[in-house]
Amino acid sequence: MLSVISADTGLSETHDLPERAIASALPTRFRPADLLRITDQGAVDVLNGVYDHLLPGNGVWPKDSRWAVRLSSDDDVDVWLISWVPDQSTELHDHAGSIGALTVLSGALSEFRWAGEDLRHRTLEAGDQASFPIGWVHDVMRAPSTEALDEESLEPTLSVHAYSPPLTAMSYYEVTPHKTLRRTRTVLTDLPEGDPK
Ligand SMILES: [Fe+2]
């Protein structure tokens, strides 16, 4: 409902606000639920071998650095597959003007999300999903495995991510001693979850 002052009467009038007007004010016509469905389908397709031609040629996932490949892209949404390695976090970041979502295929991810006064932690296991509205600030990393100590036997930690509109920039943050969030830098990037260090 929208309240406006009538030019004729000077009185307040209420009107139904067209849904289209609300949608056009957002940076994308996609909703978090759409991205969750896209990443879910992407995960199924990866598991079914649809993207085998895009995976590391020798079948061995990189162990030293986070690895990513773009599965699909158009004007509305970018879809990526990410392989996570131990001890590499993304740092606290946002996704600028993009909303995002992910589905974990295998392994697990740790997410630390800024909740206004502190960081809230959650673990996302294989099959779990998460979506990120505008303004979501988080740090993501591979979750420690409690199943195997032998690095060689660890299964890869894989997740499919979608960003809409396609990612163009990210800002990075630090938590101050006063429990506030301070932006430290902004970078132009279309790489998912930022540039691996
Ligand atoms: Fe992120």
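**A friendly note on the sheet and Trp-114**

1. Trp-114 sits in strand S6, which covers residues 108-114; strands here are DSSP runs of E with at least two residues, helices are runs of H or I with at least four, and both are numbered from the N terminus. Please keep in mind that this is a predicted model, where local features need pLDDT of at least 70, side-chain atom pairs count only at pLDDT 80 or more, and totals for chains, interfaces and linings use all residues. Residues are numbered from 1 along each chain as its sequence is written.

2. Leaving aside residues up to four places away in sequence, Trp-114 touches Leu-92, Leu-119, Val-137, His-138 and Leu-181 (contact means C-beta atoms, placed from the backbone, within 7 Å). Leu-181 is 67 residues from Trp-114 along the chain, yet their C-alpha atoms are separated by 8.1 Å.

3. Now to the sheet. Five strands form an open sheet in the order S3-S4-S10-S5-S8, with antiparallel pairing (a pair needs at least two DSSP bridges). Strands S3 (67-73) and S8 (129-132) are at the edges with a single partner strand each, so one side of each has no neighbour in the sheet.

4. Within this sheet, strand S4 (residues 78-84) and strand S10 (residues 157-164) run antiparallel and are joined by 7 bridges. Trp-80 has His-161 in S10 as its bridge partner.

Key. Two residues are in contact if their C-beta atoms, placed from the backbone, lie within 7 Å.
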